[in-house]
Amino acid sequence: MPCNGLPKEEILRTLGAIDALFTGGRRTSSMPIRCVWRTLGPEEFPSEANVEVLFSVPKKFFKRANKRNLLRRRMKESYRLSKHALAESVAAKGVRLHIALIYSSKELSDYATINEAVNRILEQICGRL
C-alpha cells in the first residue's frame with residue numbers, strides 16, 4: 001500500500017525554485033483553483049522528491065487566517081489522496097515537477113468541490129507531461 005503522507009521533502013520551500021516556477025511555469029486552472037507547474041531536469045534544484053508542491057490561499061480574498069488555513073488543509077488533503085497517479089507518471093517520464101496550487105475564489109468552497117478541482121488539475125498535468 002502506498003504512503004499517503006505529505007512529507008516535508010514534497011513541499012516546495014526554496015525561494016529560487018518558487019521564483020523559477022512563477023516566471024517560467026505553465027498555467028492551468030479548474031475553478032476554484034489555479035495551478036502553475038514546471039517540469040525540471042534532475043540537475044535543476046536537486047531534491048529527494050520527484051514532485052514538490054506549494055499551496056497558497058491569498059490574504060486578499062480571505063482576511064481571517066482560520067479560513068485560509070481551512071482551505072489550505074482541504075487542498076493538501078485532496079492532493080495527498082490523489083498524488084499517486086501523478087507521481088507514477090512523473091517517475092515513468094524521468095523528470096521532476098514543481099506545482100503551485102492557488103485558491104482563486106472569493107467564496108469558501110466545500111471539500112468535494114476542491115477535491116474535484118485538484119483531481120482535474122492533476123489529470124491535466126499528467127496528460128501534458
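I began with the buried residues of α4 in this predicted model. I found Ile114, Ala117, Val118, Ile121, Leu122 and Ile125. They share one side of α4, because their arc around the axis is only 130°. I then checked the other side of α4, where Glu123 and Gly127 are exposed.

Next I asked what covers the buried residues of α4. The cover includes three strands, β1 (26–30), β2 (33–40) and β4 (96–103). It also includes two helices, α2 (65–82) and α3 (84–93). I noted that α4 lies across β1, β2 and β4. Its direction is about 145° to that of β1.

I looked up the length of α4. The helix has 18 residues and reaches 26 Å from first C-alpha to last. That is close to the 26 Å expected at 1.5 Å a residue.

I turned to Cys126, which is found in α4 (residues 111–128). I have Cys126 down as partly exposed, because its relative accessible area is 23%, and buried means under 20%. Setting aside residues up to four places away in sequence, Cys126 touches Ala85, Leu86 and Ser89. I also took the distance to Glu116: 15 Å in space, C-alpha to C-alpha, for 10 residues in sequence.

Last, I traced the sheet. It is open, has four strands in the order β1-β2-β4-β3, and its pairing is mixed. The twist averages 20° from one strand to the next. I logged eight bridges between β2 and β4, which pair in the antiparallel sense. Thr39 stands opposite Leu97 in β4.

How values were computed
Residues numbered from 1 in each chain as written. Predicted model: local features only at pLDDT ≥ 70, side-chain atom pairs only at ≥ 80, totals over all residues. Heavy atoms only, no water. Buried < 20%, exposed > 50% of the residue type's maximum accessible area, 1.4 Å probe, protein only. Contact = heavy atoms within 4.5 Å. Expected span 1.5 Å × (residues − 1). Arc of directions from axis to C-beta. Pairing = 2+ DSSP bridges. Axes fitted to C-alpha atoms, helices over the stretch in contact; angles between N-to-C directions.
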